[in-house]
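Thanks, everyone, for making the time this morning.

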Amino acid sequence: MQITSVGHAGFHIRTAAGSILCDPWVNPAYFASWVPFPDNTELDWDELGDCDFLYVSHLHRDHFDAKHLAEHVNKDALVLLPDYPVPDLRRELEKLGFHRFFETEDSVKHTVTGPGGDVDIMIVALRAPADGPIGDSGLLVSDGETTCFNMNDARPVDMDVIHEAFGHIDVHLLQYSGAIWYPMVYDIPARTKTNFGKQKRQRGMDRARSYIEQVGATWVVPSAGPPVFLDDELRDLNDDHGDEGNIFPDQMVFLEQMRIHGNAGGVLMIPGSVADVRGAELALTHPFDPGVIYDDKAAYIARMAERFAPVLAAEKATWAGPEGSLLEPLRELFEPIMKQSDLICDGIGYPVGLVMGERTVVLDFPQRVVREPVEGEGRYRYGFRIAPELVHTVLRDREPDWVNTIFLSTRFQAWRIGGYNEFLYTFFKCLTDERIAYADGWFSEAHDDSASTELAGWEIQRRCPHLKADLSKFGVVEGETLTCNLHGWQWDLESGRCKTSKGHELRSRRL
Ligand code: FES
């Protein structure tokens, strides 16, 4: 098997049966905030796009690059499709001209046939509203000699199913760095922000190491991030100036973490690096010395920023203007969604302020209405300050998901009193009837908390109340606090109260 990195979460996997192109991302994403790092524009994209199979793990814009897929990828490729309840990914690919689909079944091994023969694949589909835009996935590929697990940024909860289907994994490709707007956009004192950032940075790497242990692959390739921020307004987000609260550590930082923890299987791949893998043997070639990127990363980023300046300017020129009322269009979009999602609106539980330039609009979730602020209402418990241009743009483009557009752009500020509110972000990513119906139904399903596990003198429910991670593997107890390393949520073990978000109580008892 030959695995070529094509940047970020993208890989080109060549087997005797045929080639699989995974998550090719080239064009700036999320209002031009994210750009692939290191630069991958110099690759021969027409050759890479002439693939037999295409795998797009999910609809996040750093995995699904519509422009690039339209211009450079073979429309006759057989699309390996994750088993998602809402078929938005298939629809988007159909719009681009893809017409051959292999619908996989979640966590089931399939054999697909390419021009050179058969190859085994399996797609693990994550379907919780919190996973991607209602769906994220990882791909396993085995040619009989080598097995590769491309986990990208998916967070599967059951590793047994992978080992049962494929046995030993030779190469594991996974995310280890941040891909979120927290804590940078929050209105909090600088020192608190640095502390939160430090925790977030370390947790991301701890989670990756926990996955590495559970998957037990011979070789591990850190991938799927971090992006680089090239706009002057956002340049400070890059981990190139010794900020310990930066949540975007790069490949070198994580490979060092692996070494510190005694794992020598880390492999650095940059766009164009080729790994020839035969079971446990791996031969690696780079297109050029990676020192060009990492020895003086700030200078490398500065050169990229110069090259990309016209691309970013062209992208900004496509945004809508700041003028025009927002109350009516927001009411038209949000109120019907609010009215069909009782569980989510009650879960949010309070009015949320949207400050857009001079105007404020209130999303009154308890009343299911979008309205003007009321005199003396005071500060909202949760709020966002977003440039009106961005809101006009997502409304103009009928975007069904503000996470996949505005929030991941990090071009906004937020404040909150109390914990993170998962229901709120779920609402913003479900702005179609189909998505909200699915998400509301998902939350209303009873979660299984019947099984227990023991950790550091406590009996606790085995499955995390958030997204059912196995707490015997992801749970860490410090004092009376339990942290689930899958997403870093915390619980007070004495009371079972979730310290991170509303609801989500945990069953726990001191032994
Ligand atoms: S599954 Fe998300 S914090 Fe446990």
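Let me begin with a cut-off, since it decides how I describe several residues: a residue is called buried when its relative accessible area is under 20%, exposed when that area is over 50%, and partly exposed in between. Please also keep in mind that what you see is a predicted model.

With that cut-off in hand, consider R209, which has a relative accessibility of 19% and therefore counts as buried. Its salt-bridge partner is D206, with the closest N and O atoms 3.2 Å apart, and D206, at 21% relative accessibility, counts as partly exposed. Both residues sit in helix α5, which spans residues 190–215, and because they are three residues apart there, about one helical turn separates them.

Staying with helix α5, we also find Q214 there, and at 15% relative accessibility Q214 counts as buried. What does Q214 touch, if we leave out residues up to four places away in sequence? The answer is M159, H163, K473 and F474.

Let me turn to charged pairs across the rest of the chain, where a search of the whole structure finds 37 salt bridges. One of them joins R91 to E434, with the closest N and O atoms at 2.9 Å. R91 belongs to helix α3, residues 88–95, and E434 to helix α14, residues 433–444, so this pair ties together parts that lie 343 residues apart in sequence. Are these two side chains buried or exposed, or something in between? R91 is partly exposed, at a relative accessible area of 37%, and E434 is partly exposed as well, at 34%. The pair is also part of a network of salt bridges that links D88, R91, D401, E434 and R435.

A further salt bridge brings together the side chains of R368 and D342, at 3.0 Å from N to O. R368 lies in the loop between β16 (359–364) and β17 (369–371), whereas D342 lies in helix α10 (residues 342–348), so here the parts tied together are 26 residues apart in sequence. In this pair R368 is buried, with a relative accessible area of 14%, while D342, at 43% relative accessibility, counts as partly exposed.

Now to the strands. An open sheet of eight strands runs in the order β6-β5-β4-β3-β2-β1-β13-β14, and its pairing is mixed. At the edges are β6 (100–103) and β14 (281–285), each of which pairs on one side only, and neighbouring strands of this sheet are turned against each other by 20 degrees on average, direction ignored. Within the sheet, β2 (residues 10–14) and β3 (residues 19–22) pair in the antiparallel sense over four bridges, and I13 stands opposite I20 in β3.

Finally, the chain as a whole, which has 15 helices and 25 strands. Its radius of gyration is 23 Å, close to the 24 Å that the globule rule gives for 511 residues, so the chain is as compact as a globular protein of that length. Its C-alpha atoms fill a box of roughly 70 × 60 × 45 Å along the principal axes. Buried residues make up 57% of the 511 residues, and, among contacts with a separation of 6 or more, 65% are between residues 24 or more positions apart. The chain exposes about 20,200 Å², of which carbon and sulfur atoms supply 47%.

Notes
Residues are numbered from 1 along each chain as its sequence is written. This is a predicted model: local features need pLDDT of at least 70, side-chain atom pairs count only at pLDDT 80 or more; totals for chains, interfaces and linings use all residues. Side-chain values use heavy atoms; hydrogens and water are left out. Two strands pair if DSSP finds at least two bridges between them. Helices (H or I, at least four residues) and strands (E, at least two) are DSSP runs, numbered from the N terminus. Axes are lines fitted to C-alpha atoms, for helices over the stretch in contact, and angles run from 0 to 180 degrees between N-to-C directions. A salt bridge is a side-chain nitrogen of Lys or Arg within 4 Å of a carboxyl oxygen of Asp or Glu. Buried means under 20% relative accessible area, exposed over 50%, partly exposed in between (1.4 Å probe, protein chains only). Contact means heavy atoms within 4.5 Å. The radius of gyration is taken over C-alpha atoms; the globule rule is 2.2 Å times the number of residues to the power 0.38. Accessible areas come from the Shrake-Rupley method with a 1.4 Å probe; for residues, only the protein chains shown count as cover.
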